[in-house]
Amino acid sequence: MKILVLNGPNLNLLGLREPDIYGRQTYSDLERFVESCAKEEGVEIKLFQSNHEGALVDEIQAAYGNFDGIVINPAAYTHTSVAILDALKAVSLPAVEVHLSDVSKREAFRQISYPGMACLKTYMGLGFEGYRQALRFLKAYLEGAKR
Ligand code: DQA
């Protein structure tokens, strides 16, 4: 089972950016965490982070036929990107959305998620743990789909 784990803009600055909201752990810490969760779950993953909307769209398109599912934290593109929503719909791979912070309790402009409209589920406000939950959910979903 192969899962693509996508992270959007400014998540490469974890640790530095707004630590009160996103914590003090770095993006490398997140990569290590997600890799260890994937090992625990027995799934193969590819991690990809970009600050560019088109690069994320390209990666979603390239996942078609190569990955079984997608975990995505679109970061700020959550609230703006119809292009990422359309890419997820186009490839039609089961996808799960993750946010480190609880966006439901933040600014009004964060209350809409375009990519979320093509996702089976959203985990928010759990920090890194959200990625573990997302991988677990997707694995169980994909196993169910095979039966
Ligand atoms: C985020 C929440 C977004 O609103 C924000 O733009 C981010 C990170 C999160 O993980 O909590 O960059 O996706």
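Author: Contact here means heavy atoms within 4.5 Å. The model is predicted: local features need pLDDT of at least 70 and side-chain atom pairs count only at pLDDT 80 or more, while totals for chains, interfaces and linings use all residues. Residues are numbered from 1 along each chain as its sequence is written, and side-chain values use heavy atoms, with hydrogens and water left out.

Reader: Which residues does Val34 touch?

Author: Leaving aside residues up to four places away in sequence, Val34 touches Val5, Ile45, Leu47, Tyr131 and Leu135.

Reader: How many residues has the largest nonpolar core, and which have the most contacts inside it?

Author: In soluble globular proteins, nonpolar side chains tend to be buried together. A nonpolar core is a set of buried Ala, Val, Leu, Ile, Met, Phe, Trp, Tyr and Cys residues joined through side-chain atoms within 4.5 Å. Buried means under 20% relative accessible area, exposed over 50%, and partly exposed in between (1.4 Å probe, protein chains only). The largest such core has 25 residues, and Val5, Leu14, Val34, Val71, Tyr131 and Leu135 have the most contacts inside it. Two or more residues each come from strand 1, helix 2 (27–41), strand 4 (95–99) and helix 5 (129–146). Helix 2 gives the largest share, 6 residues. Another core, of 17 residues, lies apart from it and includes Ile60, Ile70, Ile72 and Ala87.

Reader: Which residues of helix 3 are buried?

Author: Helices (H or I, at least four residues) and strands (E, at least two) are DSSP runs, numbered from the N terminus. An α-helix has 3.6 residues a turn, so residues three or four places apart point the same way. In helix 3 (residues 53–63), the buried residues are Leu56, Val57, Glu59, Ile60 and Ala63. They lie on the same side of helix 3 because they cover an arc of only 160° around the axis, taken from the directions from the helix axis to the C-beta atoms. They pack against strand 1 (2–7), strand 2 (44–49), strand 3 (69–73) and helix 4 (82–91).

Reader: Is Arg110 buried or exposed, and where does it lie?

Author: Arg110 counts as buried because its relative accessibility is 16%. Arg110 lies in the loop between strand 4 and strand 5 (121–124), and touches Tyr22, His79 and Val103, again not counting residues up to four places away in sequence.

Reader: What lies 2.8 Å from a polar side-chain atom of Arg110?

Author: An oxygen atom of the ligand lies at that distance.

Note on methods: A polar contact is a pair of N or O atoms within 3.5 Å; within protein, one must be able to donate a hydrogen and the other to accept it, and residues adjacent in sequence count only if both atoms are side-chain atoms.
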